Amino acid sequence: MLERLRLLIVVAVVGLTLTTVVTLGWGVARAVALVGVLVSGGWLEDATLVGLLEVIDLFLVATVQLIVVLGLYELFVGDLDLPDWLTVCNLGELKQPIVDVLVVLMVIKFIERALTVPPLDALYYGLAYAVVIGALVAFTAVSKRVRAPGAGPSERR
């Protein structure tokens, strides 16, 4: 039974690997298009900065996807020869890069919006992003506190 459940994780690993490859390809295509814009004089416009931030978005997402793929495989399927900084021991450690990239993506999206919408709208977007980022930071802090080794109920206060 446990072996069959492991196969489900293999399906997840294969599916996420495919989306990682597609995301990397998408990022490369956007980067090539951006280079074309820069060469043709687009570096003078703010919209090009938005394009650059979008390319960075794609590569960050692809990187986190790859980290999750490797982590899921390592946790549920078999050992990989990974560097220590890439090895995960539990699902909680896989959540952290996702939260980190979400915060960075929201900051990038805010900058994109700030360059393309009226200032008051940018302020509203910024406040909304700040609330979500605050919730993610609180989630991370609580998760770390709960997972802290040897932290009994009296030591968590």
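Predicted model: local features only at pLDDT ≥ 70, side-chain atom pairs only at ≥ 80, totals over all residues.
Residues are numbered from 1 along each chain as its sequence is written, and side-chain values use heavy atoms, with hydrogens and water left out.

Let me begin with helix α1, which covers residues 2–39; helices here are DSSP runs of H or I with at least four residues, and strands are runs of E with at least two, numbered from the N terminus. From its first C-alpha to its last, α1 with its 38 residues reaches 55 Å, close to the 56 Å expected at 1.5 Å a residue, where the expected span is 1.5 Å times one less than the number of residues. Just after α1, G41 has a positive phi of about 100 degrees.

Which residues of α1 are buried? They are I9, V13, T20, T23, G27 and L34, where buried means under 20% relative accessible area, exposed over 50%, and partly exposed in between, with a 1.4 Å probe and protein chains only. These buried residues pack against α2, residues 46–77, and contact means heavy atoms within 4.5 Å.

Now to the charges, where the structure holds three salt bridges, each being a side-chain nitrogen of Lys or Arg within 4 Å of a carboxyl oxygen of Asp or Glu. In one of them E54 pairs with R30, with the closest N and O atoms 2.3 Å apart, and this pair links distant parts of the chain, since E54 lies in helix α2 and R30 in helix α1, 24 residues apart. E54 is partly exposed at 24% relative accessible area, and R30 is partly exposed at 31%.

D57 and K109 also meet in a salt bridge, at 3.4 Å from N to O, and they too link distant parts of the chain, with D57 in helix α2 and K109 in helix α3 (residues 91–116), 52 residues apart. Is D57 buried or exposed? D57 counts as buried at 7% relative accessibility, whereas K109 is partly exposed at 33%.

K109 meets E112 as well, at 3.3 Å from N to O, and these two are separated by about one helical turn because they are three residues apart in helix α3.
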